[in-house]
Amino acid sequence: MVKKDNKKDKESKYAYKKKSAWEILAKDQIKKAFDFCEGYKKFLDAAKTEREAIQQINEIAKKGKKKIKVNKEKEAAIIIPGKKKISEGLRIIISHIDAPRLDLKQIPLYEDSSSNVALLETHYYGGIKKFHWVTIPLALHGVVVKKDGKKVTFTLGENESDPIFAVPDLLPHLSYKVQAIKKLEDAITGESLDVMVGSQPVKGEFSDKIKTAILDELHKNYGITEEDFISAELEVVPAYKARDMGFDRSLIGAYGQDDRACAYTSLKAIMDLKNPDHTAISLYVDKEEVGSEGNTTAQVTTFLRSIIKELDPKADVDSVMLKSKVVSADVNSAVTPNYTDVFELKNASTLGNGIVMSKFSGHGGKYSANDASAEYVSEIRTMLNKEKIPWQTAELGKVDTGGGGTVAKYFSRLGMEVIDLGPAVMSMHSPFEVTSKVDIYSSYLAYKTFLKN
Ligand code: MN
Ligand code: MN
């Protein structure tokens, strides 16, 4: 016999409950989400560096006949004029197009005579866990600017017929003293992340015969000399492609989803936007992963100011910014199985629950972050609910466990309303980050709705 207790059977209708995107989205919408992610995976494969991302965004914008401005190959803005005047403010979505990786040093190439191989010295970029980067297939992307100013573009390791590269690691049999008993973060050092690039020497009785052979090869294939590396930006990134994950293909595993998930979804959102009320801008910035310093970043708003001035030469730029509303489109950390202790689960994001709204980020007592106003949060959640777009709210981990920031604060400093909105990512900052297809699609829907109003 089942004991009946009517009172307890009924949940209060005033309770908040996080909902699953799989429940909210209709069957045809889920189909659309899966189709949408086919384009997303292609974008991730074609945009493994900040320059490649801007190039992809530029090509897609031009193909769709949208107005785009590019700053120094590393920052871009797509602009759709609205029905209202510029003086009534803008709707802006900002995402970043850089991702953690290994950069080559300026004098990278050397031969290690003890191991009989040639390697490239690297200097890691952004917040990585160094042990992630050993013994995985790597590709070399970037530009070399020669002394005459001519630019050589590299994408080596992406085609099946290309060679790939790798950072060697020690066998377990000999790792005990130098790695196993150390703290995880000390076991692999930054200086040990050198990439193996060859082993065949030229013939002759002199030193550095492998390095010599590689320099000859580089000159033959690319016309570059060793000094040309000094004026190069070469980045070592995972050589594999974005893939469906899981028996049900519900997830995407790929490098660089922080924050190209937001770059792609905001790109698609603005490409599909028609007749917005306010002028809509999607802005793509560089160097977020190292603190947004530099002339193509969120901290330097000269680019955005010049766009506003160009849209309306009479505009009072400060007053336009005061009236503007911004979405800082960046990812949040998905609750990770086996490590759930670092999350406060009521206020954490999970895969498959839609786009994540973060009222604030930062660390400790909410230091160094934008904290969106209750009024703005209300506006955004009402907008998402009205359109039945799956969303959830979260902060990054338990209080005092760690923290992180986004570009949100740099735009709120200008007087704009800003909120963080983006999909949850599992294994964030690893060479193989994981997202949910319904979250990617929810992000696209959310950004499109935001830009429309
Ligand atoms: Mn990010
Ligand atoms: Mn990041």
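Colleague: What volume does the second largest cavity have?
Modeller: About 30 Å³. This is a predicted model in which local features need pLDDT of at least 70 and side-chain atom pairs count only at pLDDT 80 or more, while totals for chains, interfaces and linings use all residues. Residues are numbered from 1 along each chain as its sequence is written, chains are lettered from A and ligands numbered from 1 in the order in which they are written, and side-chain values use heavy atoms, with hydrogens and water left out.

Colleague: What counts as a cavity, and what as a pocket?
Modeller: On a 1 Å grid over the protein atoms alone, a cavity is a set of points where a 1.4 Å probe fits but cannot get out. A pocket is an open set with protein on both sides within 12 Å along at least five of seven lines, and lining residues have an atom within 4 Å of a point. Grid points are joined across faces, edges and corners, and a volume is the space filled by probe spheres set on the points.

Colleague: Which residues line that second largest cavity?
Modeller: Among them are Glu75, Leu283, Val285, Phe303, Leu304 and Phe411. Strand β12 (279-285) and helix α9 (302-311) each supply at least two lining residues. Helices (H or I, at least four residues) and strands (E, at least two) are DSSP runs, numbered from the N terminus.

Colleague: How does its lining divide by class?
Modeller: Into seven nonpolar, two polar and one charged. Ala, Val, Leu, Ile, Met, Phe, Trp, Tyr, Cys and Pro count as nonpolar, Asp, Glu, Lys and Arg as charged, and the others, Gly among them, as polar.

Colleague: How many cavities of 30 Å³ or more does the search find?
Modeller: Two, over the whole structure. The largest cavity has a volume of about 40 Å³, and its lining includes Trp133, Tyr255, Asp258, His429 and Glu433. That lining has four nonpolar, three polar and two charged residues.

Colleague: Which residue bridges to the manganese ion (ligand 2)?
Modeller: Asp258, and the two ions lie 3.3 Å apart. His96 sits in strand β3 (residues 90-96) and Asp258 in helix α8 (residues 257-271), 162 residues apart.

Colleague: Is His96 buried or exposed?
Modeller: His96 counts as buried, because its relative accessibility is 2%. Asp258, at 3%, counts as buried too. Buried means under 20% relative accessible area, exposed over 50%, partly exposed in between (1.4 Å probe, protein chains only).

Colleague: Why does the largest pocket lie between domain 1 and domain 2?
Modeller: Because domain 1 (21-99 + 255-452) and domain 2 (101-238) both give residues to its lining. The domain bounds come from an automatic or database domain assignment.

Colleague: And what lines the second largest pocket?
Modeller: That pocket has 20 lining residues, with Phe165, Val197, Ile214, Glu217 and Leu218 nearest its centre. Helix α7 gives the largest share, six residues. The lining has 15 nonpolar, four polar and one charged residues, and the space is about 420 Å³.

Conventions
Donors = N, O, S within 2.8 Å, 3.2 Å for Na, K, Ca; no water.
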